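Trainee: I have a model open and some geometry to check. Can we go through it together?

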Amino acid sequence: MFPSKDRAPSNAGAGAGPSAEIAAGSSASALAAAAAATRRGGTPASDGIELRLTGGRAGYGNVEVLHGLDLVIPSGKVVAMLGVNGAGKSTTLRVLAGLVPLRQGTLTWRGEVITKMSALDRSRRGLLLVPDERAVFASLSVRDNLMVVAEAAGYPDITPALDAFPKLRDRLPQRAGSMSGGERRMLALARALLARPSVLMVDELSLGLSPKVAAELFEWLATIAAGGTTVILADQYTEAALGMADLVYVLHRGERSFVGDPAELAHA
Amino acid sequence: MVSVELAIAGLAIGAVAALSGIGLLVTYRTNGVLNLAHGGIATLVAYVYREMTVEWGFPVWLSAVIAMAFLAPGLGLLLERLVFRPLARRRASAAETLVASLGVLVLSLGMCAGIWGLGTRNDTPSIFPDERVGSGSWSIEVDTLSTLALILVACVFLGVVQNRTRFGRQVRAVVDDRELAEMSSIPADRVAAVGWAFGTTLAGFTGVLLAPRFGLSPYGLSLVVLTTFAVIVAARLSSLPVAVLTGLAIGIAQSELTQFSVTGVFADTYRTLTSSLFVVVLLVLLLLSPKLRELGGDAGSAGRLSSREAPERGTLGERHKNLIIIFAGIVMLMAPLFFGAADLRKAFLVPALALIFLSLVIVTGYSGQVSLGVAGYAGLGALFSLKLEAGEFPGLPEMPGLLAILIGALLVAPIGLITGYPAIRRRGLALALTTFAVGATVTVFVFNQPDLSVGVYAEPLYLGGWMLNDKAFYIVEMVGLGLGLLAVYNLHRGRLGRALVAVRDHTEGAAAVGVDVRNLKLLAFTVSSVVAGLGGALLSHSTGSFSSTQFEPMQSLLWFTAVVVFGADSAVGAIIAAAFIVSINVFFPEGSSTLAVGILALSLGWLPGGLASAVRGLVRFVALRLADEFVEPEGTAPRPRIPSQAGVLTPAAQPTTGRSPAAVAPGGGVTVDLTAVDRVAAARGLTLTPFGRSLLGRLGGGAPAAALPVAASLPGPNGASPVTAGTGTLNHPEGGRP
């Protein structure tokens, strides 16, 4: 069903190895190196760590949502972030994207501290979030939705997106707001593709979608990941997310309650 | 019938209105902000332009360049950077943005009034030579011709930019969703800043073009600009050509009307119409056009302006605290009784103004509607009561003063009901504009009519044959204020109060659970208009006569801003706001209170909920600090840890997960080793909640290994614990927990 499932057994087979290493406190670079061999065209950072959040505290108004969260996102990996509603998944992604400021803690991207970097600069440098709602410019046509991103990225050509999602080809003049939920997610991912992300964060990909459509989108994400893009998935549709993930974080009430190989969570 | 000369004369004002409309549309289309401050900025730029030409002797062209090429766009950039960007950053509601633009308006008017006074100046030179081109009846002023050319250039330029360029596409993306635009590498701030600069530049042009024609006064000129909102309402906030054509059409129509004259009862009304067509068109468009209902989204829901979540829970402690506050308030309000005669007279204004503010608390703080027309209702209350007293109210006998005040206020109710009915069906910006238009129309057609409002004086008040002295009148005012507070109190508590808060916070949600939204809003609106009428009646009695300047439309905006600043849902805030404004007007030069309210309004960006909420927050903060100081810090550590025990299991318990059936299924009699968990917990000084225990037990039954993550969450010092030992591999190098 999910193409990444093919990878899952091999991962699971080797699963005990890398995760044991992680647990033992060895550097994550071994894990990254192992993964880089299975990917094409990946350009992992020198130490194999794409993003590192240390002691992250963030929230809205008087409410603190993340209470000192530590995250390490290895380069070129698929990282699943699981947790119930309100666990802080979306907030974590918004912190990584620069939409919610960190009150405490540091965020580094390939070794560079980006705690204070604006959301605009992060997206310009390829750290991209596809949010769970309002993921498209509803009042713009599909074509303009794609064009505006392609132009901002410096490559005003939308054919790669149309090749990836041929269904969008028939919808180009349509207002994005009048499309179905699944089509909108598709458009959102297509836009993300045009922005040429080096890190792609997707919030609740499967929310409100039929299993079939969700499966298609996961399939597409797997190909993106196979191209070397680091993918972070926050999702409740855990089977699919676990199926493609190299690493799983489970959040609970703004803290990390599990980290490790998906096989260990799935086969537990 | 159509006179060419009059049409060309009408073009002059129509063109300026169109230009103003273009500026408003650009700001709205690039930022999603309906800039109520447009008139304020126009006025400020015009004042500076006049200062440079008249006072400093700069040549006209140089002053024009400085004003329009530097000052006006600079103001726009400044506003974007300091006021509206922070609001957009924290995704402030449309209502908050509306209030911020009101704050800018009030601030700029306060600056003008503070620096140049409230008087009208008629010596502003026109930037274009006072000449005419063409011959005979077909000649047109250079001024008008240049404005028309400017409009044409602006329209073509904007049309090309919007539809043909990359920047235009970016603008539309930013307006659609600013946050998403930033996530898509679109420089939203730059787009917004350009939009603001362009909008304020056109505002500057509007001000400089209007000032020689209408005279320069802080309130007068901005009111003229505000009436040009008719143009953008007709354009439904989107179409540039419609806005331009509407502006020109109203200008021409207004001018053509002057060739006719009406005799009889409606003579004055008709004459007013020929100079106030923009106001009338604004009101008519807002009332008649059903499509305007969704104008500007949810801006009318002022929920975020209020800081209290629900009516008082009525715990004993709260009640005592409130009693103390009320008692302190009563003492403060009674203090003027011991003032000297002159000071007491000045204090007369406080309760009257407080009542008007209370009416806004009812309509904005409790039912969440933005009302910008309160001065109209207050003025009507004043006029009615004075007319009743003099026996000049048609159909009603002459009555004693006190009764006249009450009846006069009650007579505002039908008007509140009639105007409230269409108004409450409006939402968002449409509602704000509708209430403003009602107020402005009442001013123009009633308060400014010499026959109706000149020479209306308050008679001395009698109670049971005794003439009331100043102290007695102040006590009468207190009784009136008490009545207003009673109305607020009754609207705020119990079933009705809850329903009103529900309507304020989520109109659709309230309707969905069976709250009669429309009637509730109507009730709030009507009661509010009566309270405003009572305040107005007392206001005119404290000054001794009816004065239309006291109730002019701009006052509504100033008053609304003041109420929001001091906490839109706070009755106490309303009284403090009244005392604040009156005392500033007593102690400082004219216009200072406007300036002060404007400054406070801009601080709303940092103080959501107004000063009242900030004070509440401060009290809470001090109380917490004191509690920290004097109460033993007990059991601070466990809080975040206990929940995590239950929580780590929840991913496994997700019904959507593939393995959930196994995990959730009650295992055949196998129970998880809870004692181990208890031991770990005990070692760390924790207790398991019953909920966490039941979760552990349920989950552990089918899938013993699902308990593994518990270890990750409880890396106790005793690594020998069976659970921890079994799952040590799950610990990440970064450390499982802080």
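Trainee: How are α1(B) and α11(B) oriented to each other, roughly parallel or roughly antiparallel?

Mentor: First, the ground rules: this is a predicted model, where local features need pLDDT of at least 70, side-chain atom pairs count only at pLDDT 80 or more, and totals for chains, interfaces and linings use all residues. Residues are numbered from 1 along each chain as its sequence is written, with chains lettered from A and ligands numbered from 1 in the order in which they are written. Helix α1 (residues 4–31) and helix α11 (residues 240–257) of chain B pack at about 150 degrees; angles run from 0 to 180 degrees between N-to-C directions, along lines fitted to C-alpha atoms over the stretch in contact. Under 35 degrees counts as roughly parallel, over 145 as roughly antiparallel, 65 to 115 as roughly perpendicular and the rest as oblique, so α1(B) and α11(B) are roughly antiparallel.

Trainee: Which residue classes make up the contact of α1(B) with α11(B)?

Mentor: The axes lie 7 Å apart. Ala, Val, Leu, Ile, Met, Phe, Trp, Tyr, Cys and Pro count as nonpolar, Asp, Glu, Lys and Arg as charged, and the others, Gly among them, as polar. The contact of α1(B) with α11(B) divides into 17 nonpolar, seven polar and one charged.

Trainee: Is B:Leu237 buried or exposed?

Mentor: B:Leu237 sits in the loop between α10 (229–234) and α11 of chain B. Its phi is positive, near 60 degrees. A residue is buried with 20 or more other C-beta atoms within 10 Å of its own, exposed with 12 or fewer, and partly exposed in between, C-beta atoms being placed from the backbone. B:Leu237 has 20 such neighbours, so the class is buried.

Trainee: What is the phi of A:Arg110, and where is A:Arg110 found?

Mentor: Most residues other than glycine have a negative phi. A:Arg110 is not a glycine, yet phi is positive, about 50 degrees. With 19 other C-beta atoms within 10 Å, A:Arg110 is partly exposed. It is found in the loop between β4 (104–109) and β5 (112–113) of chain A.

Trainee: How many helices and strands are there in chain A?

Mentor: Helices (H or I, at least four residues) and strands (E, at least two) are DSSP runs, numbered from the N terminus. Buried residues make up 57% of the 268 residues in chain A. The count for chain A is 10 helices and 10 strands.

Trainee: What does the secondary structure of chain B come to?

Mentor: Chain B has 738 residues, and 52% of them are buried. Its secondary structure comes to 35 helices and four strands.
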